[in-house]
Amino acid sequence: MTATNETVHGRIETARTELTPMQVAAGLLFAAAIAFTLLFLQEPLAHDAMHNFRHGAGIVCH
C-alpha cells in the first residue's frame with residue numbers, strides 16, 4: 001500500500017478498481033445482515049457476540 005492509499009479517499013478508489021460488483025454486493029449483503037441482526041436482536045448476549053465478531057473480523061466499530 002502506498003502513501004496515497006492511506007486516506008479514506010485513496011482506499012475507496014482502490015476498492016473501486018479492485019473489487020468486482022459481486023464482491024461489493026456480497027459485502028453490502030453481509031453489512032445488511034449484521035445491521036438487521038443488531039436491530040432485532042438487541043439482547044445483550046447477541047449484541048456482545050456480534051460486537052466481538054466485528055472486532056475479530058477486523059471491522060472498526062468505535
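**Helix pair exercises**

Helix α2 passes helix α3 in a left-handed crossing (the near helix is turned anticlockwise from the far one by less than a right angle). This is a predicted model: local features need pLDDT of at least 70, side-chain atom pairs pLDDT 80 or more, while totals for chains, interfaces and linings use all residues. Numbering starts from 1 along each chain as its sequence is written, and side-chain values use heavy atoms, without hydrogens or water.

**Exercise 1.** State how many helices and strands the protein has.

Solution. Count DSSP runs: a helix (H or I) needs at least four residues, a strand (E) at least two.

**Exercise 2.** Work out how α2 and α3 are oriented.

Solution. The axes of α2 (residues 21-40) and α3 (residues 44-56) come within 10 Å and cross at roughly 155 degrees. Therefore α2 is roughly antiparallel to α3 (over 145 degrees).

**Exercise 3.** List and classify the residues joining α2 to α3.

Solution. Contact means heavy atoms within 4.5 Å. α2 gives Phe30, Ile34, Thr37 and Leu38; α3 gives His47, Met50, Phe53 and Arg54. Now sort them: 5 nonpolar, 2 polar and 1 charged. Nonpolar covers Ala, Val, Leu, Ile, Met, Phe, Trp, Tyr, Cys and Pro; charged covers Asp, Glu, Lys and Arg; the others, Gly among them, are polar.

**Exercise 4.** Is Thr37 buried, partly exposed or exposed?

Solution. Thr37 lies in α2. Its relative accessible area is 23%, so Thr37 is partly exposed. Buried means under 20%, exposed over 50%, partly exposed in between (1.4 Å probe, protein chains only).

Definitions and conventions:
Axes are lines fitted to C-alpha atoms, for helices over the stretch in contact, and angles run from 0 to 180 degrees between N-to-C directions. Angles under 35 degrees count as roughly parallel, over 145 as roughly antiparallel, 65 to 115 as roughly perpendicular and the rest as oblique.
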